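Subject: Structure for your review

Dear colleague,

Please find below the structure that I am handing over to you. I would be grateful if you could read the notes after it with the model open.

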Amino acid sequence: MKTDRVLILRPCRMSDLPSVERIAGASAVGITSLPPDREKLYDKIRNSTHSLAAEVDVNGEEQYFFVLEDVATGEIVGTSGIVASAGFHDRFYSYRNEIIVHASQELGVSNKIHSLHLCHDLTGLSLLTSFYIDPAYVKTQWPQLLSRARMLFIAEHPERFADKLAAENPGVCDDSGHSPFWDAVGRRFFNMAYPQAEQLSGGRSKTFIAELMPQYPIYVPLLPADAKLAIGQLNPVAELPFSILLEEGLEADTYIDIFDGGPTVEARMSAVRSIAGSKRLRVKRAASAIGTKQSYLIANTATEEFRATIALLSLDDASGDGRLSIPPALADRLEVADGDDVRVTPL
Amino acid sequence: MMIIRPITHADLPALVGLAKSTGVGLTTLPPNEAELTKRVDAAVASFAGTARKADEIFLFVLEDTTAKRVVGTCGLATAVGLRQPWYSYRVGLVVHASQELGLFTQTPTLFLTNDHTGHTELCSLFLDAGYRRDRNGQLLSKSRLLFLAQHRERFSKKIIAELRGVSDAAGKSPFWESLGRHFFSMEFSQADYLTGIGKKSFVAELMPKHPLYSSFLTPEAQAVIGKTHPHTLPALRMLESEGFRYEGYVDIFDAGPTVECDVDDVHAVARSHEFKAEISNAAPPADAVMYLVSNTGIDSYRATLVAARPTGASFVLSAETAAALNIHAGDDVRAVPLAVSDRH
């Protein structure tokens, strides 16, 4: 357990590529937003750098990619990202859970039939992606920073994002990568295992595969038992990031991944806890604040120089000037000067 | 002598008896007296010319005039689906292809349709097991085609017939087990029965409305799509010889095939002719072939089989046959060789 460390979240730089490549290699099957491929990771970092530098009025093709850095050692121990618009330039496919009621008054029968409808509902939503944390940090507070610093970034730069937020989560599969959902649905149209199909699609978007998927609704009662069970079922490897998002207020009932049936969570930005509960405050570099201290996620208001961390703060306005006192060491880590603003949300 | 004639109210007990002996799968003849009474009422009104087209059903019986026994029945519904929706699955195909990925997948589909709405239907065919001999089956089934030929203008341009799909000895249909059962927790035999008593559209309303990928069904279910129950294969062969073809429509419950034909192309319609009746008790000529012959009436309709070799415009009938057909010398008769291969 590495509880004594201080970590900071910042935008990924090209110099992080070797570290990110190592992380991508260790990340679970199913986190397709973090491919273990140097060229793709290079593009990902470059896109993020460009996106952060760009002036954005309306969310578009921007992608943001952050890393979690151990301040003492400079080691990269996690990644997370945001896609400004899901399926930009094209479509973002999901299956939507629907209940069709088949009823006959005459026969005194009413059946609720669960069906899956291929849809583009989530196209254009902002998407949380690329979550990975070094297993040594799983039981610490740092996964909270890694996931939720993105909420602070969104809260600070709403013009860069949609008014709804979503995140895909990996579905269940066995050790050899076989997904019962894929085997029962996609495989009938591809006749190959999912990892193969993904590989075959090469650098293309999932959309490319999606267009070959069944377009008519799928009647769930017709699926084999293991595929039914896989609908909306989370792969245990993603328990941590998933639970953070649920606590944030994202909901998992409506959409699933079209390939492995994993749950896709979504919410209005205004309903996301760390966004709605965040505050923008002016900073005063002061040795120590007086009052009850509590853990907060705290971030600066920059884009290219975005920084976020977790700190014990008192939001009591002791000096009466409306400013938040933060110790100089913390201010330095966040790269904020006296009079700059920060955004905070309770841990 | 075996004679086809319109059903009457007096035939109801015999019809109920026949219906009770049919077993699972003959949906158009349910063993339900109230329902059969309605059916006979509708038929009587149809022959009398007082039924609406949507309700019109011409039910005939096969009577052994010697034994004075009704031993079979057959019917002709003028236009299906005008009162309650008429559902079928159309067997289709969806191709998912990507040249770039080298993918080409064909997936059979089932589309719920009402495509046969308004078509004329052959229905309610049943022959007592003891009489399945001496061409009685052909007489029973084809006699209504001769009626159709004679009263062509009363019927639709298209004619269909549903054939019983595959089920096991216990009445279990693999197609129903794989599909219908999920949407309606009942036995196939019960769904079949509800269909027979005119509630098929209610059952259909509980069935999936979106197109189905057949590949999601069990292999057993996929294997019986468009397949006829072995016991019904002779009926299929007979209809095929008359020009009926399977065009990719199947029953929504057991996936048995619906065969169809343009009425004008039905052998008995295209090849039958009107003749003038000539009464003679002379033995038929040596080259006589079996003919299906009828009078030209509606409520007085009669049909039977005779050996004949008509020459010119006249058709020779024995006095006994003429009497059984309500025909006098010089009356019009309609006749067609029973075997499709026999020419006249």
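This is a predicted model: local features need pLDDT of at least 70, side-chain atom pairs count only at pLDDT 80 or more; totals for chains, interfaces and linings use all residues.

Overall form of chain A

Chain A contains 11 helices and 15 strands. Its radius of gyration is 22 Å, close to the 20 Å that the globule rule gives for 347 residues, so chain A is as compact as a globular protein of that length. Along the principal axes, the C-alpha trace of chain A spans about 75 × 50 × 40 Å. Of the 347 residues in chain A, 46% are buried. If one takes the contacts in chain A between residues at least 6 apart in sequence, 74% of them join residues at least 24 apart.

Domains of chain A

Overall form of chain B

Chain B has nine helices and 15 strands. The radius of gyration of chain B is 21 Å, which is close to the 20 Å given by the globule rule for 344 residues, so chain B is as compact as a globular protein of that length. The C-alpha atoms of chain B fill a box of roughly 75 × 50 × 35 Å along the principal axes. Buried residues account for 45% of the 344 residues in chain B. For contacts in chain B between residues at least 6 apart in sequence, 72% join residues at least 24 apart.

Domains of chain B

In chain B, domain 1 comprises 2–88 + 114–267 and domain 2 comprises 272–337. The centres of the two domains of chain B, taken over C-alpha atoms, are separated by 29 Å. To the contact between them, domain 1 of chain B gives 17 residues and domain 2 of chain B gives 15 residues. Strand S1 (2–6), helix H2 (33–48) and helix H3 (136–150) of chain B each supply at least two residues of the side of domain 1 that touches domain 2. The most comes from H3(B), with seven residues. The residues on this side of domain 1 of chain B are 10 nonpolar, four polar and three charged.

Contact between the chains

Between the chains, 19 residues of chain A are in contact with 20 residues of chain B. S4, strand S5 (109–119) and helix H5 (187–190) of chain A each supply at least two residues of the side of chain A that touches chain B. That side of chain A divides into 13 nonpolar, four polar and two charged residues.

Strand pairing in chain A

Strand S4 (residues 94–104) of chain A runs antiparallel to strand S9 (residues 251–256) of chain A, and two bridges join them. Here Tyr95(A) has Ile256(A) in S9(A) as its bridge partner. S9(A) is also joined by three bridges to strand S10 (residues 263–268) of chain A, again antiparallel. In that pairing, Ile256(A) stands opposite Pro263(A) in S10(A). The hairpin of S9(A) and S10(A) has six residues between the strands, and Gly261(A) takes a positive phi near 75 degrees there.

Helix H9 of chain A

Which residues of helix H9 (residues 239–247) of chain A are buried? They are Pro241(A), Phe242(A) and Leu245(A). These residues lie on the same side of H9(A), because they cover an arc of only 100 degrees around the axis. The buried residues of H9(A) pack against strand S6 (126–133), H3, strand S7 (164–168) and S10 of chain A. After H9(A) comes Gly249(A), with a positive phi near 105 degrees.

With kind regards

Technical notes: Residues are numbered from 1 along each chain as its sequence is written. Chains are lettered from A and ligands numbered from 1 in the order in which they are written. Helices (H or I, at least four residues) and strands (E, at least two) are DSSP runs, numbered from the N terminus. The radius of gyration is taken over C-alpha atoms; the globule rule is 2.2 Å times the number of residues to the power 0.38. A residue is buried if 20 or more other C-beta atoms lie within 10 Å of its own, exposed if 12 or fewer, and partly exposed in between; C-beta atoms are placed from the backbone. Two residues are in contact if their C-beta atoms, placed from the backbone, lie within 7 Å. Domain bounds come from an automatic or database domain assignment. Ala, Val, Leu, Ile, Met, Phe, Trp, Tyr, Cys and Pro count as nonpolar, Asp, Glu, Lys and Arg as charged, and the others, Gly among them, as polar. Two strands pair if DSSP finds at least two bridges between them. The arc is that of the directions from the helix axis to the C-beta atoms.
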